[in-house]
Amino acid sequence: MSVDVRPATDDDVDAVVDLFRQYLRFYEQEVPDAEARAYLTARRDSGDSVLLVAVLVPEGGDPEETGAGHELVGFAQSYPTWSSVSLSRSWVLNDLFVSPAARGTGAGRALVLDTCRRAKEAGAIRVSLATAWDNVAAQGLYESEGFVRDQHFHHYAYVTGA
């Protein structure tokens with residue numbers, strides 16, 4: 001099997017919604033299908049985010065083909081933004097998830113690498129991300145691909161309750 005990464009299409013929505021809900025459950029959030037679908041499609045369709053999918057392709061299979069043997073196993077969602085300090089584009093890799101059954105296939109790494117490539121092509125000077133303190137597997141992946149843990153800044157969040 002090989003991994004193909006491409007932008008999510010309308011045909012991918014059901015599979016991405018399922019993966020997105022699994023991702024949210026990992027972070028102890030439960031969201032109904034309809035809300036997850038509305039959120040993902042609104043972000044993608046408005047250009048707020050770049051939504052990529054990872055598809056396992058059988059050996060000798062055509063990555064452009066869909067259907068039998070082509071299993072959508074992961075997604076990444078990034079938000080293009082700006083960095084005032086550097087006066088440049090920046091991307092935030094906000095969501096990355098690979099189905100438990102497909103871990104170890106290279107899908108997560110392929111999603112990270114493709115996100116970084118697309119960010120660079122879009123003129124972004126960096127891709128930033130955050131992950132849970134105990135998500136050691138993800139930390140290992142990010143660090144192996146050149147992401148560096150921030151040693152200079154503390155990151156804070158203020159919950160507005162909106």
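## Sheet, cores and salt bridges

Asp45 is exposed, with a relative accessible area of 56%. The model behind this value is predicted. Arg44, by contrast, counts as buried, because its relative accessibility of 17% falls under the 20% cut-off.

Arg44 also forms a salt bridge with Asp10, and here the closest N and O atoms are 2.5 Å apart. That pair links distant parts of the chain: Arg44 sits in helix 2 (residues 33-46), Asp10 in the loop between strand 1 and helix 1, 34 residues apart. Asp10 is exposed, at 59% relative accessible area.

The side chains of Asp14 and Arg37 meet in a salt bridge as well. Asp14 lies in helix 1 and Arg37 in helix 2, so this pair ties together parts 23 residues apart in sequence. Asp14 is exposed at 54%, while Arg37 is partly exposed at 30%. The count of salt bridges comes to 13; the table gives some of them.

| Salt bridge | N to O distance |
|---|---|
| Arg44 and Asp10 | 2.5 Å |
| Asp14 and Arg37 | 2.9 Å |

A network of salt bridges links Arg21, Arg25, Glu30 and Asp33. Arg21 is found in helix 1 (residues 13-26). This arginine is buried, with a relative accessible area of 18%. Its side chain makes a polar contact of 2.7 Å with the side chain of Asp33. Beyond its neighbours within four places in sequence, Arg21 is in contact with Glu30, Val31, Pro32, Asp33 and Ala36.

Five strands form an open sheet in the order 1-2-3-4-5, with mixed pairing. Strand 1 (2-7) and strand 5 stand at the edges; each has a single partner strand, so one side of each lacks a neighbour in the sheet. The twist averages 25° from one strand to the next. Strands 3 and 4 run antiparallel, joined by 10 bridges. Trp82 stands opposite Arg89 in strand 4. Helix 1 packs on the sheet and touches strand 2, strand 3 and strand 4; its direction makes about 75° with that of strand 3.

The largest nonpolar core has 22 residues, and Leu96, Leu111, Val112 and Tyr142 have the most contacts inside it. Helix 3 gives the most to this core, with five residues. Apart from it lies another core, of 17 residues, among them Leu40, Leu51, Val53 and Val55.

Definitions and conventions
Residues numbered from 1 in each chain as written. Predicted model: local features only at pLDDT ≥ 70, side-chain atom pairs only at ≥ 80, totals over all residues. Heavy atoms only, no water. Helix = DSSP H or I, 4+ residues; strand = E, 2+ residues; numbered from the N terminus. Buried < 20%, exposed > 50% of the residue type's maximum accessible area, 1.4 Å probe, protein only. Polar contact = N/O pair within 3.5 Å; in protein donor to acceptor, adjacent residues only side chain to side chain. Contact = heavy atoms within 4.5 Å. Core = buried A, V, L, I, M, F, W, Y, C linked by side-chain atoms within 4.5 Å. Pairing = 2+ DSSP bridges. Axes fitted to C-alpha atoms, helices over the stretch in contact; angles between N-to-C directions. Salt bridge = Lys/Arg side-chain N within 4 Å of Asp/Glu carboxyl O.
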